[in-house]
Amino acid sequence: MADDTAARPPREALANLIHSPNRLAIIAVLNRVQHVAFAELRDSLHLTTPELSRQIAILEKEGMVEVAKLRVKRVPVTHVRLSDSGRERFTAYLADLRAIVEGGGGD
């Protein structure tokens, strides 16, 4: 079976997983850093702990992010990072978004 992805307009190729405003903001932050503490990410995005946890769980399930529980000065700290495949998928998402914006609608 042939891959129809190349034939689809860019707007149809946009990843709904990333397109959610909160997930897009999370991924954009993670794309600029190696990793970030959960609390720092939560505070920088002005999200509640339950909302950030929910969005991170969705992204982790899809392989977009990796979560690690570390100890910093004997205090447990959760760190989040964009996975290698997550970074690739975000780059492709941005390319699709640019094609829509620069192409005047994506048809």
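Arginine 81 forms a salt bridge with aspartate 84, with 3.8 Å between the closest N and O atoms; a salt bridge is defined here as a side-chain nitrogen of Lys or Arg within 4 Å of a carboxyl oxygen of Asp or Glu. The model is predicted, so that local features need pLDDT of at least 70 and side-chain atom pairs count only at pLDDT 80 or more, whereas totals for chains, interfaces and linings use all residues. Residues are numbered from 1 along each chain as its sequence is written, and side-chain values use heavy atoms, with hydrogens and water left out.

Arginine 81 is partly exposed, at 28% relative accessibility, while aspartate 84 is exposed, at 54%. These classes rest on relative accessible area: buried means under 20%, exposed over 50%, and partly exposed in between (1.4 Å probe, protein chains only).

By the same rule, the count comes to 4 salt bridges. Among them is the contact between the side chains of aspartate 43 and arginine 42, at 3.0 Å from N to O. Aspartate 43 is partly exposed, with a relative accessibility of 47%, and arginine 42 is likewise partly exposed, at 22%. Another salt bridge links arginine 54 with glutamate 51, at 3.4 Å from N to O. Arginine 54 and glutamate 51 lie 3 residues apart in helix α5 (residues 49-61), and are therefore separated by about one helical turn. Arginine 54 counts as partly exposed, at 45% relative accessibility. Helices (H or I, at least four residues) and strands (E, at least two) are DSSP runs, numbered from the N terminus.

The strands were examined next. Two strands pair if DSSP finds at least two bridges between them. Strand β3 (residues 75-82) is joined to strand β1 (residues 36-37) by 2 bridges, and these strands run antiparallel. Strand β2 (residues 65-72) is joined to β3 by 8 bridges, also in an antiparallel arrangement. Histidine 79 in β3 is the bridge partner of alanine 37 and also of alanine 68. A hairpin is formed by β2 and β3, with 2 residues between them; in its turn, lysine 73 has a positive phi of about 50°.

A search of the whole structure finds 1 aromatic pair. The rings of phenylalanine 90 and tyrosine 93 have their centres 6.3 Å apart and their planes at 15°, so the pair is stacked. Under the criterion applied, rings of Phe, Tyr and Trp (its six-membered ring) pair if their centres lie within 6.5 Å; planes under 30 degrees apart count as stacked, over 60 as edge-to-face and the rest as tilted. Phenylalanine 90 and tyrosine 93 are 3 residues apart in helix α6 (residues 84-103), which means that about one helical turn separates them. Both residues, phenylalanine 90 and tyrosine 93, are buried.

The largest nonpolar core contains 20 residues, of which Ile26, Leu30, Leu41, Ile56 and Val65 touch the most other members. Such a core is a set of buried Ala, Val, Leu, Ile, Met, Phe, Trp, Tyr and Cys residues joined through side-chain atoms within 4.5 Å. At least two residues of this core are supplied by each of α2 (16-19), α3 (21-31), α4 (38-45), α5, β3 and α6. Helix α3 gives the most, with 4 residues. Leucine 41 touches Ile26, Val29, Leu30, Val36, Leu52 and Ile56, not counting residues up to four places away in sequence; contact here means heavy atoms within 4.5 Å.
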